[in-house]
Amino acid sequence: MNSLTRWQRPDVSMWPGFGRLTNLRDEIDRLFEAPLSELARTSQLLSGWTPALDVFEDKDNIYVRAELPGMRKEEIEVSLHNGGLSISGERKSEEKYKDAEVYRGERFFGRFQRSVTLPTPVAADKVKAQYKDGILTVTLPKTEEAKPKHIDVNVS
């Protein structure tokens with residue numbers, strides 16, 4: 001007669017090299033269980049930087065805010081095309097580290113581009129962009145057709 005026995009982690013003190021193998025197995029399991037967002041974040045770190053965006057709306061406008069610290073307005077490009085907003089530019093590396101020994105470097109430099117599909121049609125000729133304290137705010141007025149309309153209910 002066969003019986004099922006539940007697997008239990010062996011006592012690694014009994015076999016000195018076994019602990020390293022179980023740690024390796026745990027690391028491999030962790031790698032395969034990592035969410036795809038972690039893998040995407042890792043590939044993003046290797047490919048450059050992507051500024052953080054907030055997109056929100058009220059009854060009249062759609063707003064897009066992007067964190068672009070340390071940039072000049074001349075380095076930022078904003079365009080509207082086929083119902084989407086694109087923000088791009090380049091943050092240049094600082095030269096002050098040229099002859100210094102860098103102990104830690106976490107800031108990203110280089111080209112970036114963020115594109116957002118807008119939820120409703122906007123009046124392209126009325127779009128405004130303001131850059132202050134490292135935050136770019138793009139205000140996109142909705143077209144009259146896209147704005148919510150109040151309808152009175154008549155009682156007969």
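## The three-stranded sheet

Let's start with an open sheet of three strands, ordered E3-E4-E5 and paired in the antiparallel sense. Its edge strands are E3 (76-81) and E5 (110-117), each of which pairs on one side only. On average, neighbouring strands of this sheet are turned by 15° against each other, direction ignored; the axes behind such angles are lines fitted to C-alpha atoms, for helices over the stretch in contact, and angles run from 0 to 180 degrees between N-to-C directions. Strands here are DSSP runs of E with at least two residues, helices are runs of H or I with at least four, and both are numbered from the N terminus. Two strands count as paired if DSSP finds at least two bridges between them.

Within this sheet, six bridges link E3 to strand E4 (residues 84-91) in antiparallel fashion. One place to look is Ile76, whose bridge partner in E4 is Gly89.

## About the model

Please keep in mind that this is a predicted model, in which local features need pLDDT of at least 70 and side-chain atom pairs count only at pLDDT 80 or more, while totals for chains, interfaces and linings use all residues. Residues are numbered from 1 along each chain as its sequence is written, and side-chain values use heavy atoms, with hydrogens and water left out.

## The four-stranded sheet

Another open sheet is built from four strands in the order E1-E2-E7-E6, with antiparallel pairing. E1 and strand E6 (128-132) stand at the edges with a single partner strand each, so one side of each has no neighbour in the sheet.

Strand E1 (residues 53-57) and strand E2 (residues 61-67) pair antiparallel over five bridges, and they form a hairpin with three residues between them. Leu53 has Ala66 in E2 as its bridge partner. On to E7 (residues 135-141): seven bridges join this strand to E2, and the two run antiparallel. Val64 stands opposite Val138 in E7.

## The chain as a whole

Stepping back, the protein chain holds two helices and seven strands, which run α-α-β-β-β-β-β-β-β from the N terminus on.

Of its 156 residues, 24% count as buried, meaning under 20% relative accessible area (1.4 Å probe, protein chains only). The chain exposes about 13000 Å², with carbon and sulfur atoms supplying 52% of it; accessible areas come from the Shrake-Rupley method with a 1.4 Å probe. Among contacts (heavy atoms within 4.5 Å) between residues at least 6 apart in sequence, 51% join residues at least 24 apart.

Technical notes: Buried < 20%, exposed > 50% of the residue type's maximum accessible area, 1.4 Å probe, protein only.
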